[in-house]
Amino acid sequence: MKNRSISRREFLKGAGAMAAGVAAISLFGGCASDSAGGGSAAASAEEARHSVLAFASDQHAETPGFEAWVKDQLAAYGSIDHLSFGGDICDKAWVPEVFDGFKAVLDTLLPGKYSVTTGNQENKPGAPVWDTLGPGFTRMGEAARTEDYAVFHLGAAQEAMNFPDGDIDALAAYLNDTPASIPVFVVSHFPLHLSVPTATHDIPGGYREAVGNAKLMDVLNAHPNVIFLWGHNHTFRDPRYGTIRPAGAKFTYTIANPTDKKAINFTYTNIGSFCRGDTYGLIAEVDRSSAGVSVRMYYVDTNIPMETKQSAVVTVSPDGAVSAEITEGTATDYAEMQAMSGFGDDPNFMAEV
């Protein structure tokens with residue numbers, strides 16, 4: 001596993017090469033070696049494939065901002081192969097009219113090309129039984145699959161932050177049956193790390209901790225091709241909001257033992273949000289060549305890539321080896337975000353990489 005920070009200029013140069021169908025993996029610190037039957041490192045026109053995936057979450061009833069973002073991405077890329085939404089359509093209470101408007105946006109702009117999982121708001125009284133709403137609504141299970149990538153939903157099973165054993169076991173079985181040579185996007189509403197809520201959120205002790213997160217991380221650590229995406233904490237008080245963390249990052253996961261920082265062996269990515277002043281989501285461009293599959297991830301605010309936030313290229317080679325390159329951005333350095341959070345002196349949130 002190799003990780004290093006690169007300049008934005010290097011990142012954009014490499015991204016342009018990949019968009020042109022060139023395997024630019026060497027620019028980012030590692031060219032996958034040929035495997036048996038894997039072909040040459042130079043991709044032919046027939047082998048090269050390109051997909052555009054979009055990830056969004058936490059609109060909290062602010063559907064117009066989400067709708068504008070989707071329209072902007074369709075205008076920028078021509079088409080989106082799949083959009084996955086990480087939950088929290090409504091705000092504070094389930095409102096059928098809000099859900100209907102949200103669904104109409106997706107049915108109009110991305111018919112048959114979207115999937116929606118559940119957040120804590122989808123577990124409020126009055127919310128429908130999710131998996132009865134149609135093929136685009138999957139709380140738990142595979143949401144999309146091609147030869148180049150898979151999308152798996154690990155939505156909220158209840159309002160409280162909890163990863164049930166049954167969900168974790170089902171994900172483990174799925175990952176064991178999915179090729180290690182393609183990226184698997186695991187879309188979760190809840191994060192894995194111990195985090196800080198907004199100032200007005202009534203949580204004893206002032207922290208958010210997910211039950212079952214340690215067991216889930218152990219499962220994910222056996223699959224470095226996983227890109228774990230999370231929402232729920234749409235506040236700068238969480239220093240990981242709008243960040244992408246590579247394998248090797250460590251973070252506190254339990255208040256019971258805050259000095260025990262658990263290392264991850266997968267890519268840990270926030271999705272962004274569309275509420276309370278923010279209107280940004282994550283774009284993942286997936287490029288297949290004979291050298292493997294490269295995923296270029298970056299945040300987009302309306303139709304503008306956000307250079308202030310972290311970007312990444314994750315490459316999965318045919319033999320399952322994974323490398324990740326992270327651009328740190330100009331405003332999401334962990335120490336800076338930690339200071340902005342107001343918890344800079346809290347030992348539970350010390351630097352982790």
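Biologist: At what angle do helix 2 and helix 3 pack, and how far apart are their axes?

Modeller: This is a predicted model. In the model, helix 2 (residues 63–77) and helix 3 (residues 96–109) pack at an angle of about 5°, and their axes are 10 Å apart.

Biologist: What makes helix 2 roughly parallel to helix 3?

Modeller: Angles under 35 degrees count as roughly parallel. The angle here is about 5°, and helix 2 is therefore roughly parallel to helix 3. On the side of helix 2, the contact is made by T63, F66, E67, V70, K71 and L74. Helix 3 contributes V98, G101, F102, V105, L106 and L109.

Biologist: Why are helix 4 and helix 5 called roughly parallel to each other?

Modeller: The same cut-off of 35 degrees applies. Helix 4 and helix 5 pack at an angle of about 5°, with their axes 10 Å apart, and they are therefore roughly parallel. The residues that meet are D165, I168, D169, L171, A172 and L175 in helix 4 and K215, L216, V219 and L220 in helix 5.

Biologist: Which residues of helix 4 are buried, and what covers them?

Modeller: The buried residues of helix 4 are D167, I168, L171, A172, Y174 and L175. Seen down the helix axis, they fall within an arc of 165°, so they line one face of helix 4. The face turned away from that buried side carries the exposed residues N176 and D177. Among the elements covering the buried residues are strand 4 (140–145), strand 5 (150–154), strand 6 (184–188), helix 5 (213–220) and strand 7 (226–230).

Biologist: Why can residues a few places apart in a helix point the same way?

Modeller: An α-helix has 3.6 residues a turn, so residues three or four places apart point the same way.

Biologist: What of helix 5: which of its residues are buried?

Modeller: In helix 5, N213, L216, M217, V219 and L220 are buried. They fall within an arc of 160° when seen down the axis of helix 5, so they line one face of the helix. The cover over them includes strand 5, helix 4, strand 7, strand 9 (250–252) and strand 10 (261–263).

Biologist: Why is N213 called buried?

Modeller: A residue counts as buried under 20% relative accessible area. N213 has a value of 4%, and is therefore buried. Leaving out residues up to four places away in sequence, N213 touches F163, L192 and Y253.

Biologist: How do you know that F152 is buried?

Modeller: Its relative accessible area is 3%, so F152 counts as buried. F152 is found in strand 5. Beyond its neighbours within four places in sequence, F152 is in contact with several residues, including L171 and Y174. Between F152 and L175 there are 9.4 Å in space, C-alpha to C-alpha, and the two are 23 residues apart in sequence.

Biologist: How many residues has the largest nonpolar core?

Modeller: That core has 31 residues, and those with the most contacts inside it are L192, L216, L220, F228 and F266. The elements giving two or more residues to it are strand 5, helix 4, strand 6, helix 5 and strand 7. Helix 4 gives the most, with 5 residues. Among the contacts of F266 beyond its neighbours within four places in sequence are L192, M217, L220 and F228.

Biologist: What is the phi of H60, and what is that of D88?

Modeller: Most residues other than glycine have a negative phi. Phi of H60 is near 45°, a positive value, and phi of D88 is near 65°, also a positive value. H60 lies in the loop between strand 1 (49–56) and helix 2, whereas D88 lies in the loop between strand 2 (82–85) and helix 3.

Biologist: Are H60 and D88 buried or exposed?

Modeller: At 7% relative accessibility, H60 counts as buried. D88, with a relative accessible area of 1%, is buried as well.

Methods
Residues are numbered from 1 along each chain as its sequence is written. This is a predicted model: local features need pLDDT of at least 70, side-chain atom pairs count only at pLDDT 80 or more; totals for chains, interfaces and linings use all residues. Side-chain values use heavy atoms; hydrogens and water are left out. Buried means under 20% relative accessible area, exposed over 50%, partly exposed in between (1.4 Å probe, protein chains only). Helices (H or I, at least four residues) and strands (E, at least two) are DSSP runs, numbered from the N terminus. The arc is that of the directions from the helix axis to the C-beta atoms. Contact means heavy atoms within 4.5 Å. A nonpolar core is a set of buried Ala, Val, Leu, Ile, Met, Phe, Trp, Tyr and Cys residues joined through side-chain atoms within 4.5 Å. Axes are lines fitted to C-alpha atoms, for helices over the stretch in contact, and angles run from 0 to 180 degrees between N-to-C directions. Angles under 35 degrees count as roughly parallel, over 145 as roughly antiparallel, 65 to 115 as roughly perpendicular and the rest as oblique.
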